[in-house]
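Here is a short report on one protein model. Look at the structure first, then read on.

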Amino acid sequence: AMSAFWTGTPSAKNAEVCQMWLDLSRDANDEFAGHAAYFTAFYPHSGGCKAQWDPLLGDIEKKAKAGTAKSSYWGSAVYYLHAQSQATPAQKSKAIAVAKALAENAGNSASTRVRALELIAEKAPGGKAYLGKFTNDKDSYVKSRAAELQKKAK
C-alpha cells in the first residue's frame with residue numbers, strides 16, 4: 001500500500017507522503033521500515049523528500065551502529081540518498097559515513113553491508129583501500145563482494 005503513493009500522489013501532497021514514509025521507516029518491522037526508508041531517500045518527484053533526508057540519515061546511523069539493519073533497503077536508502085542531485089555536500093558526506101557504519105557492524109545483514117560497500121566503492125574517497133578491510137570478512141558474501149568491488153573501485 002505504501003508504494004501506491006510513489007506514482008499516485010498529487011504534487012501538492014508530496015510533503016505529506018514524504019513525512020509518512022519517514023514515519024513508517026521507524027516501524028518495528030525491519031523489512032517494512034527499510035522499504036519506507038528507501039522510498040524517502042529515492043523519491044524523485046518535486047525534488048525528492050529533502051526535508052526528511054537529515055532525520056533519515058540520523059535514524060539509519062542509529063540502526064547501523066546498533067547492528068539492527070537487516071533489510072538491504074537500509075543500504076539502498078543511503079545509496080540513493082547520496083545519488084540525489086539536490087542532496088547537499090554535507091548530506092552526501094553523511095551518507096558515506098552512514099554507509100561505513102552499516103558496513104562495519106557485522107550485526108547488520110550481509111545484504112545491507114554489501115549495499116553500503118557499493119556506495120563506498122563508487123563514491124567515497126579512498127574507497128578502494130577501505131574495501132580492503134572487508135576482503136577477509138567472516139561473512140562469505142561480504143568478503144567476495146568486497147573483493148569484486150575493490151577491483152572496480154578508484
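The torsion about the S-S bond of Cys18 and Cys49 is about -70 degrees, so this disulfide is left-handed. A disulfide here is a pair of cysteine sulfur atoms within 2.5 Å. The structure holds one. Cys18 sits in helix H2 and Cys49 in the loop between helix H3 and helix H4, so the bond ties together parts 31 residues apart in sequence. Helices (H or I, at least four residues) and strands (E, at least two) are DSSP runs, numbered from the N terminus. Both cysteines, Cys18 and Cys49, are buried. Buried means under 20% relative accessible area, exposed over 50%, and partly exposed in between (1.4 Å probe, protein chains only).

The model is predicted: local features need pLDDT of at least 70, side-chain atom pairs count only at pLDDT 80 or more, and totals for chains, interfaces and linings use all residues. Residues are numbered from 1 along each chain as its sequence is written, and side-chain values use heavy atoms, leaving out hydrogens and water.

| Pro125 and Lys154 | 8.2 Å, C-alpha to C-alpha | 29 residues |

Pro125 lies in the loop between H7 and H8. Its relative accessibility is 73%, so Pro125 counts as exposed.
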